[in-house]
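Here are my notes for your first pass through this model. Keep the structure open beside you and check each point as you read.

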Amino acid sequence: MAINFITILFFLPLLAINVNAQGPVTYDITKYGAKPGGDISQALTDAWNEASNSTTPSIIVIPRGTWSLSQVKLTGNKAPLELQVQGTVQANPNPSQLPNKEGEWITINYVNYFTLSGGGVFDGQGQEAWKQNDCHKNRNCAKLPMNLSFNFINNSIIRDVTTKDSKNFHVNCISSHNVTFLRFTISAPGDSPNTDGIHLGRDTMIHITDSVIKTGDDCVSIGDETKEVHIHNVTCGPGHGISVGSLGGYASEKDVQGIYVTNCTFIGTQNGVRVKTWPSAPAQLTVSDLHFEDLIMDNVSSPVIIDQEYCPHNLCKKDRPSSIKITNVSIKNVRGTTNSAEAVTLICSGLKPCENVEVG
């Protein structure tokens with residue numbers, strides 16, 4: 001009896017391992033009615049709804065090929081979920097055809113342990129929309145959709161996919177925690193308006209690593225209430241560089257802390273690394289612990305700039321200095337070439353001067 005009892009105890013862990021080792025369930029959108037040449041929005045939504053309600057890991061597959069997608073909003077999951085995009089997903093080039101004009105093209109909300117992967121492409125086909133964009137002179141300009149909008153996502157990774165030619169920002173990642181962008185590619189012409197690469201806001205623990213970002217605006221822009229952002233081994237250009245801000249436009253804005261930009265290369269960009277805050281603005285936050293280190297500049301106009309009089313297109317007044325405090329900034333081992341006379345520009349607030357800025 002003792003031998004049989006020991007034998008049972010020995011095999012129980014193996015049974016548990018076999019159960020837990022069960023692979024994820026695959027949901028191919030072609031099984032939900034997706035066909036080349038047709039709109040896959042409903043098929044993707046149906047596949048997501050089934051996968052996201054599963055209590056076991058799931059993979060949703062968009063196979064190789066070219067697929068049209070009008071607009072989707074995907075929400076929630078109960079177990080680890082991967083969206084594997086193997087093909088090219090295309091938006092309608094005409095922004096007026098977006099079903100919900102106030103929404104983004106692809107929105108993913110409230111997910112935990114989510115993966116976006118597959119080597120595929122999200123093509124926003126933004127050329128027609130760029131011609132209509134007059135936001136630089138019209139504060140009431142028409143809203144244009146972003147390619148990818150991530151909101152309230154946690155413990156997730158976006159890897160080995162491309163977003164190109166978005167009509168607006170390529171990606172926003174808002175109110176999220178512990179998110180990694182790995183081997184992520186963003187591509188748009190240098191003259192495409194407002195095509196920021198990745199915009200962050202109210203986030204913690206964001207990693208952007210081993211990625212290439214080519215845009216007509218900021219490669220990465222970091223908004224308020226964001227902490228612990230690590231941008232490492234990213235190639236930026238064309239574009240406006242990597243920016244903290246703009247900040248100060250709204251009284252409710254909160255502190256930014258712990259931004260690390262390391263081992264990055266900037267090629268032909270307007271700026272390298274930049275902090276920008278609005279003058280005469282209501283916000284009174286602190287921006288601290290910024291680390292810009294081991295950066296290569298290749299023909300960059302303004303390699304390093306702190307601009308607390310940021311006022312593009314004269315859309316503000318400069319009668320009062322910025323109320324934002326910038327402190328504890330390290331700028332180390334920045335090398336390369338610039339096409340201007342000033343490699344480092346510090347335009348600090350007269351009301352709250354910069355503190356502890358180290359250049360070495």
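1. A salt bridge here is a side-chain nitrogen of Lys or Arg within 4 Å of a carboxyl oxygen of Asp or Glu. Lys325 and Glu355 meet that rule, with their closest N and O atoms 3.2 Å apart. This pair links distant parts of the chain. Lys325 sits in strand β25 (residues 325-338), Glu355 in strand β27 (residues 355-359), and 30 residues separate them. Keep in mind that the model is predicted.

2. Are the two partners buried or exposed? Buried means under 20% relative accessible area, and partly exposed lies between that and 50%. Lys325 has 16%, so it counts as buried. Glu355 has 40%, so it is partly exposed.

3. How many salt bridges does the rule give? The count comes to eight. The general idea is simple: side chains of opposite charge can pair when their charged atoms come close.

4. Look next at Arg159 and Glu82. Their side chains form a salt bridge at 3.9 Å, N to O. Arg159 lies in strand β10 (residues 148-159) and Glu82 in strand β5 (residues 81-85), so the pair ties together parts that are 77 residues apart in sequence. Arg159 is partly exposed, at 28% relative accessible area. Glu82 is buried, at 15%.

5. Arg159 and Glu82 also belong to a network. Salt bridges with shared partners join Glu82, Arg159, Asp160 and Arg183.

6. Now find Lys276 and Asp218. They form a salt bridge, and their closest N and O atoms are 3.1 Å apart. Lys276 is in strand β22 (residues 271-277). Asp218 is in the loop between β16 (204-214) and β17 (220-222), and the two residues are 58 apart. Lys276 is buried, with a relative accessible area of 4%. Asp218 is buried too, at 2%.

7. Strand β22 leads us to strand β24 (residues 302-307). Five bridges join β22 to β24, and the two run parallel. Asn271 has Ser302 in β24 as its bridge partner. On another pairing, β24 runs parallel to strand β26 (residues 344-347), with four bridges between them. There, Ile306 stands opposite Leu346 in β26.

8. Why is β24 described as largely enclosed by the rest of the structure? Because six of its six residues are buried.

9. Compare strand β4 (residues 72-75). Val72 and Leu74 make up its covered face, Lys73 and Thr75 its uncovered one. β4 pairs with strand β7 (residues 106-112) in the parallel sense, over four bridges. Thr107 in β7 is the bridge partner of Lys73.

10. β19 gives the most, with three residues. By class, the lining has 16 nonpolar, 18 polar and eleven charged residues.

11. The second largest pocket has a volume of about 180 Å³. Its lining has 14 residues, and Pro95, Gln132, Ala142, Lys143 and Leu144 are the closest to its centre. Seven of the lining residues are nonpolar, three polar and four charged.

Key: Residues are numbered from 1 along each chain as its sequence is written. This is a predicted model: local features need pLDDT of at least 70, side-chain atom pairs count only at pLDDT 80 or more; totals for chains, interfaces and linings use all residues. Side-chain values use heavy atoms; hydrogens and water are left out. Buried means under 20% relative accessible area, exposed over 50%, partly exposed in between (1.4 Å probe, protein chains only). Two strands pair if DSSP finds at least two bridges between them. Ala, Val, Leu, Ile, Met, Phe, Trp, Tyr, Cys and Pro count as nonpolar, Asp, Glu, Lys and Arg as charged, and the others, Gly among them, as polar. On a 1 Å grid over the protein atoms alone, a cavity is a set of points where a 1.4 Å probe fits but cannot get out, and a pocket is an open set with protein on both sides within 12 Å along at least five of seven lines; lining residues have an atom within 4 Å of a point. Grid points are joined across faces, edges and corners, and a volume is the space filled by probe spheres set on the points.
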